[in-house]
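Please open the model in a viewer and keep the selection tool at hand.

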Amino acid sequence: MSRITIASQLDPEANDFLQARLPNDRLVAVQGLPDIPPDTRAFIVRPINVRGVSMPEPPSGWPFQLEWIQLVSSGIDAYPDWLFTVPRVTTARGTASHSIAEFVLAAIFSAAKHLPDIWVRDARWSFTHLSPVRGTTLGILGFGSIGQCLADKARALDIHVLALGRDNRTIDHPGVESAKDIRELAERSDHLVIAVPLTAATQYLVGRDVLSHSKSGQHLINIAHGGLLDQEALREALDSGRLRLATLDVTDPEPLPEGHWLYFHPRVRISPHTSSVSTDSQRNIAALFLDNLERFKSGRQLLNSVNIARGY
């Protein structure tokens, strides 16, 4: 394939990484969709519909000469429908799995070891009984790349892993037990991690029915999407004492409005959708793009192709 033009919304360091490996192609850093050169064939795109921003209509001339879009996120819910009129669209699935898995484990250890509350700043020392993590049960709702990476790390820490995959299929993964359904997953998990894509079928998947079956004292962790969790049902489960803690890296909406109850609940911890963001995240996306670019040029199947019917 001859020299092609690639537009990228990655940061300068990642773009430099790409350009150094693509001496025969033209890489153009862009901010907005209308800024891409008219001969662009591949485009690396950041989420569009985020933090209250919406772009219901495409820019004039869309989809230009585009043949392939590489999303920088794993999910597709932050992009308008018209974006998927381009012949090929791929996600960044798998590029942040280790970062997100580490975040989940950090949240579990922080809760079990009462961090940062146990740090002392004067001579008035008191002792707190810290909870063990070893031997507890980690429930993983969704067993894609994040779930698999998290399972491997948890098993290395002698944490029992119980998981539920798509369509309740039996999971064939070393050291991982399959839950028969979402109720069993909730009933047996000391820590329950939500790691499924947001689709029409999974919206508010974790609601009153699931939370009413949660193991008493459970720590609920959502690193996937705020729309998967019924937040009012969450409040009821927290206030009743059934849930001990909720760690939310995602909410609905994002950001939550000022004064929202989730900011002030004593058993809720919120982070600003940052579990996937690391110092190497953009470099990982760039590396995936290079792999896919080679496939694109040779006419082979691209990795992480979007399935609109499936929703991710």
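This is a predicted model: local features need pLDDT of at least 70, side-chain atom pairs count only at pLDDT 80 or more; totals for chains, interfaces and linings use all residues.

A polar contact is a pair of N or O atoms within 3.5 Å; within protein, one atom must be able to donate a hydrogen and the other to accept it.

Select Thr91, in the loop between strand S5 (88-90) and helix H2. A polar atom of the Thr91 side chain lies 3.2 Å from the backbone nitrogen of Arg93. Is Thr91 buried or exposed? Its relative accessibility is 0%, so Thr91 counts as buried. Display the surroundings next: leaving aside residues up to four places away in sequence, Thr91 touches Gln70, Leu71, Ser73, Ser74, Ile76, Leu288, Asn304 and Val306.

Now colour the open sheet of seven strands, whose order is S8-S7-S6-S9-S10-S11-S12 with parallel pairing. Its edge strands are S8 (176-178) and S12 (268-270), each of which pairs on one side only. On average, neighbouring strands of this sheet are turned by 20° against each other, direction ignored.

Helix H2 (residues 97-112) lies across S6, S9, S10, S11 and S12, running at about 150° to S10. Helix H6 (residues 231-240) lies across S10, S11 and S12, at about 140° to S11.

Within H6, select Arg235 and Glu232, which are three residues apart, about one turn of the helix. They form a salt bridge whose closest N and O atoms are 3.0 Å apart. Arg235 is partly exposed at 29% relative accessibility, and Glu232 is partly exposed at 36%.

Which residue forms a salt bridge with Asp25? Select Lys297: the closest N and O atoms of this pair are 2.4 Å apart. Asp25 is in the loop between helix H1 (12-21) and strand S2 (26-29), whereas Lys297 is in helix H8 (residues 281-298), 272 residues apart. Asp25 is buried, with a relative accessible area of 5%, while Lys297 is partly exposed at 28%.

Finally, select residues 106-275, where an unreviewed UniProt entry places the feature "domain: D-isomer specific 2-hydroxyacid dehydrogenase NAD-binding". Over this range the chain is 26% helix and 18% strand, and the end C-alpha atoms are 10 Å apart.

Methods. Residues are numbered from 1 along each chain as its sequence is written. Side-chain values use heavy atoms; hydrogens and water are left out. Two strands pair if DSSP finds at least two bridges between them. Helices (H or I, at least four residues) and strands (E, at least two) are DSSP runs, numbered from the N terminus. Axes are lines fitted to C-alpha atoms, for helices over the stretch in contact, and angles run from 0 to 180 degrees between N-to-C directions. Contact means heavy atoms within 4.5 Å. UniProt positions are given in the numbering used here, feature names are shortened, and annotations may be inferred rather than shown by experiment. Buried means under 20% relative accessible area, exposed over 50%, partly exposed in between (1.4 Å probe, protein chains only). A salt bridge is a side-chain nitrogen of Lys or Arg within 4 Å of a carboxyl oxygen of Asp or Glu.
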